[in-house]
Amino acid sequence: MQFQLDVNGERHALDLDTRTSLLDALRDHLGLTGSKKGCDHGQCGACTVMVNGRRINSCLTLACMHEGDEITTIEGLGRPDDLSPLQRAFVEHDGYQCGYCTPGQICSATAMIEEIKAGWPSNVTDDLEAQVEASIEEISERMSGNLCRCSCYPGIVDAIRQVAREEARA
Amino acid sequence: MRAFDYVRAGDTAEALREAGGAETRFIAGGTNLLDLMKLEVMAPGKLVDINRLDLGGIEATGEGGLRIGALVTNSDLAADARVRRDWPVLSRALLAGASGQLRNKATTGGNLLQRTRCYYFYDRGEPCNKREPGSGCAARDGMNRILAILGTSEHCIATHPSDMAVAMRALGARVEVEGQGGAREIALEDFYRLPGDTPHIETVLEPGQLITAVILPPPAGGRQIYRKVRDRSSYAFALVSVAAVVAVENGRIAKAQLAFGGLGPMPWRDADVEDALVGETPSAALFDRAADILLAEAKGHGGNDFKIPLTRRTLAAVLTQATEADQ
């Protein structure tokens, strides 16, 4: 099937089997290997990308369903010489060990901070109608779709918390 | 994954036209369907993508309720200011389910139609009457810790996994459905079917029919609670959950709308339980009597026997919280 994908501001023409997941299209056909395949069943979060600003599991959606959508992967968030605030904070707080889950963690957290800014409550929010703070408890709950088997969660939470606070002040 | 044809429908009429044939499935979020297709537990010959249909809004209804379009994501529904204020049990249930990424993709219609997480349904090396009618049920004598204690049959003991649907059942929601024969509304209590000897048929939807919306009746008021008991505190299916809408007036229970997840093949509601509570003074003995009624027909299968006392305690905890003075 022929279709186009807009990824990190660039348009790509593709001709792929309808079965191709968005993750496989990014990795195997567009060479964007930052997004990782962990479980391939939406359980681990390593494949997290943003579609129209929202975080999703790219393994659980078909590439051909995303014509016209704006897709952002880890490669679109920053570069080695120009890190995004979260990428910098993950380095600073040692938010990884093997690094396999890190692109998914950072894409997820980037969109998650926007969800907090938009006032979305979570399962641990006491008052559904109050403004939410990026507390450790809130961040842990909201990031539960991203597993880190090296268990670097304390560093991950610290990194996200720092950026969420900076952005709340900005 | 088996090969399939893919069609992107531009509007509801086109989607319904394309949906003829038993091998066709609609796809919206796809978070459950694609997972099952990867495992070849489901293998539709054709997918009709309905994401471009105009079913994404949440509107007030004339009677003071809400009409939730079938394509509204779980995230958007949970965060809707009206839902948070007037139907909080629904926000709570949605937020208790899945992960942030999945809630961003999963839709209202798809959530109602998600399939059981019974291990044997997913494992093509094992018999499962739901996956392959007539093949048997490996769960009854197998690992059935997460499975049902109410509404089961000798052919199937699967649970319906949704949190959202449990809250909607407590709220008395209705499902709007459209097919070639026109549109109709189905009360959520009539939407699901018990497994009996056809556990592969889970709802009253006919082939080619499409869920277009869910209708919430006007705000029920009262104290609204969604309590979910699970193996992890986040991102896990319910072992037992209770959605409660309870009001106390002059020291007596004036309203009790209770639905349960993790217990049966559908979000479970029992009018006899509610009748036993309404008009009575809240007490531990009363809550115990309500549990007796709810669980009169409950049947464990070994691994899930614990759900019977767990349900009793969870119900008591929820009713205690819901009827406490000044909160």
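Chain B of this predicted model is built from 13 helices and eleven strands. How compact is chain B for its length? Its radius of gyration is 20 Å, close to the 20 Å that the globule rule gives for 327 residues, so chain B is as compact as a globular protein of that length.

Now for what is tucked away and what is on show. Buried residues account for 57% of the 327 in chain B. Looking at contacts with a separation of 6 or more in chain B, 62% are between residues 24 or more positions apart. The chain exposes about 12,900 Å², and 46% of that comes from carbon and sulfur atoms. As for charge, chain B carries 38 positive and 41 negative side chains, with the centres of the two sets 5 Å apart.

Next, the meeting of the two chains. The size of an interface is often given as the accessible area lost when the parts come together. Here, chain B and chain A bury about 3,200 Å² between them, and carbon and sulfur atoms hold 51% of it. In terms of contacts, 41 residues of chain B touch 37 residues of chain A.

Most residues other than glycine have a negative phi. Two residues here go the other way, as the table shows.

| Residue | Phi |
|---|---|
| Asp94(A) | positive, about 55° |
| Tyr235(B) | positive, near 55° |

Where do you find them? Asp94(A) sits in the loop between α3 and α4 (102–117) of chain A, while Tyr235(B) is in the loop between β9 (223–229) and β10 (240–249) of chain B. Are they buried or exposed? Asp94(A) has a relative accessible area of 54%, so it is exposed. Tyr235(B) is at 13%, so it counts as buried.

One more stop in chain A is Glu92(A), which belongs to helix α3 (residues 85–92). With a relative accessibility of 55%, Glu92(A) is exposed, because the cut-off for that is over 50%. Glu92(A) and Gly155(A) are 63 residues apart along the chain, yet their C-alpha atoms are separated by 8.9 Å.

Terms used: Residues are numbered from 1 along each chain as its sequence is written. Chains are lettered from A and ligands numbered from 1 in the order in which they are written. This is a predicted model: local features need pLDDT of at least 70, side-chain atom pairs count only at pLDDT 80 or more; totals for chains, interfaces and linings use all residues. Side-chain values use heavy atoms; hydrogens and water are left out. Helices (H or I, at least four residues) and strands (E, at least two) are DSSP runs, numbered from the N terminus. The radius of gyration is taken over C-alpha atoms; the globule rule is 2.2 Å times the number of residues to the power 0.38. Buried means under 20% relative accessible area, exposed over 50%, partly exposed in between (1.4 Å probe, protein chains only). Contact means heavy atoms within 4.5 Å. Accessible areas come from the Shrake-Rupley method with a 1.4 Å probe; for residues, only the protein chains shown count as cover. Lys and Arg count as positive and Asp and Glu as negative; His and the chain ends are not counted. The place of a charge is taken as NZ of Lys, CZ of Arg, CG of Asp or CD of Glu. Buried area is the accessible area (1.4 Å probe) that two parts lose on being put together, summed over both.
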